[in-house]
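Subject: A structure for you to explore

Hello,

Here is the structure I promised to pass on to you. Please open it beside this email and look up each residue as you read.

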Amino acid sequence: MSLVDVRDLSVSFGAVDAVRGLSFSLEPGGALGIVGESGSGKSATAYALLGLHRGTGAEVGGSVRVAGVDVHHAGDAELRALRGAKAAMVFQDPLSSLDPYYAVGDQIAQVYRVHHRVSRRAARARAVEVLDRVRIPDAARRARSRPHEFSGGMRQRALIAMALACEPQLLIADEPTTALDVTVQAQILDLLHQLRQETGTGLILVTHDVGVAAESVDEVLVMRDGRAVERGDVGAVLSAPREPYTRALLAAVPR
């Protein structure tokens with residue numbers, strides 16, 4: 001059974017069709033890059049995988065199954081069980097994704113306790129464990145720090161740690177390196193790669209940067225105006241793209 005199975009997905013915001021007739025799948029442990037310029041429908045697709053359009057006024061059609069859950073027809077309790085435990089998302093802006101008033105370790109522990117009946121002490125220990133796994137130095141001490149005391153790269157690592165706390169089958173990373181300098185960006189991509197190797201977690205990487213996708217995924221799906229224009233093995237697509245749009249994206253990558 002596929003880890004992710006999307007068929008004829010559509011997402012509309014009023015008169016704007018953000019995603020139109022999109023279909024793709026991802027096998028367990030696989031890595032797929034969804035690539036395209038701003039407004040191509042990448043993030044709208046990623047949000048649909050976890051049912052995050054629900055209650056926003058967006059119209060969502062088609063079929064989405066993630067880790068065996070029919071996302072469109074799942075009840076609120078089933079969606080809560082999916083989010084974090086079976087599939088987790090790393091959002092683009094870690095500073096706005098983390099609560100500024102609470103220690104980073106406490107926020108990770110809270111996520112863990114939502115899905116596991118454990119004591120606060122056990123949850124905090126798990127928070128330190130995953131912070132250490134994502135290479136936060138002196139994790140036990142830094143777990144007591146608030147988000148503003150972390151650098152941008154460390155905040156992104158903390159979000160990845162939070163996403164990994166419940167050992168999900170799928171990690172969705174929405175532009176995880178956009179606000180980072182080149183050196184830190186490379187470190188985050190290397191971290192995602194190593195975590196995939198260690199845990200077998202499936203990865204969907206959403207990015208406008210073809211170079212980022214080339215280093216991180218097995219397959220690539222190129223989107224334009226809400227539709228898939230090209231998909232295939234990342235090496236084949238990027239070395240011999242069929243579509244002019246894909247060639248234009250490649251030409252925009254700094255040499």
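Predicted model: local features only at pLDDT ≥ 70, side-chain atom pairs only at ≥ 80, totals over all residues.

Residues are numbered from 1 along each chain as its sequence is written, and side-chain values use heavy atoms, with hydrogens and water left out.

**The sheet**

Let's begin with the strands. Strands of a sheet pair through backbone hydrogen bonds, either parallel or antiparallel. Here, an open sheet of 4 strands has the order 2-1-4-5, with antiparallel pairing. Strand 2 (16–26) and strand 5 (69–70) are the edge strands, each with a single partner, so one side of each has no neighbour in the sheet. (Strands are DSSP runs of E of at least two residues, helices are runs of H or I of at least four, and both are numbered from the N terminus; two strands pair if DSSP finds at least two bridges between them.)

Strand 1 (residues 4–13) is joined to strand 2 by 7 bridges, running antiparallel. Strand 1 also pairs with strand 4 in the antiparallel sense, over 7 bridges. You can follow this at V6: it stands opposite F24 in strand 2, and its bridge partner in strand 4 is V64. Strand 4 (residues 59–66) and strand 5 pair antiparallel over 2 bridges, and V66 stands opposite V69 in strand 5. In the hairpin of strand 1 and strand 2, there are 2 residues between the strands, and G14 takes a positive phi near 65 degrees.

Is helix 1 largely enclosed or open? Of its 8 residues, 6 are buried, so helix 1 is largely enclosed by the rest of the structure. (Buried means under 20% relative accessible area, exposed over 50%, and partly exposed in between, with a 1.4 Å probe and protein chains only.) The buried residues are K42, A44, T45, A46, A48 and L49. After helix 1 comes G51, with a positive phi near 70 degrees.

(Rings of Phe, Tyr and Trp, the last by its six-membered ring, pair if their centres lie within 6.5 Å; planes under 30 degrees apart count as stacked, over 60 as edge-to-face and the rest as tilted.) Y47 is partly exposed, at 27% relative accessibility, and F91 is partly exposed at 28%.

**The largest pocket**

F91 turns up again here. The largest pocket holds about 430 Å³ of space. Of the 16 residues that line this pocket, the closest to its centre are R83, G84, M89, F91 and V111. Strand 6 (87–90), helix 4 (104–115) and helix 7 (152–164) are the elements that give two or more residues to the lining. (On a 1 Å grid over the protein atoms alone, a pocket is an open set of points with protein on both sides within 12 Å along at least five of seven lines, a cavity is a set where a 1.4 Å probe fits but cannot get out, and lining residues have an atom within 4 Å of a point; points are joined across faces, edges and corners, and a volume is the space filled by probe spheres set on them.)

Why does the pocket lie between domain 1 (4–86 + 168–252) and domain 2 (98–167)? Because both domains give residues to its lining. (The domain bounds come from an automatic or database domain assignment.)

**The cavities**

How many cavities of 30 Å³ or more does the structure hold? There are 2. The largest cavity has a volume of about 50 Å³, and helix 8 (182–199) and strand 8 (202–207) each supply at least two residues of its lining. Helix 8 gives the largest share, 4 residues. The second largest cavity holds about 40 Å³ of space and is lined by V35, V210, A213, V220, V222, L238, T246 and L249.

Enjoy exploring!
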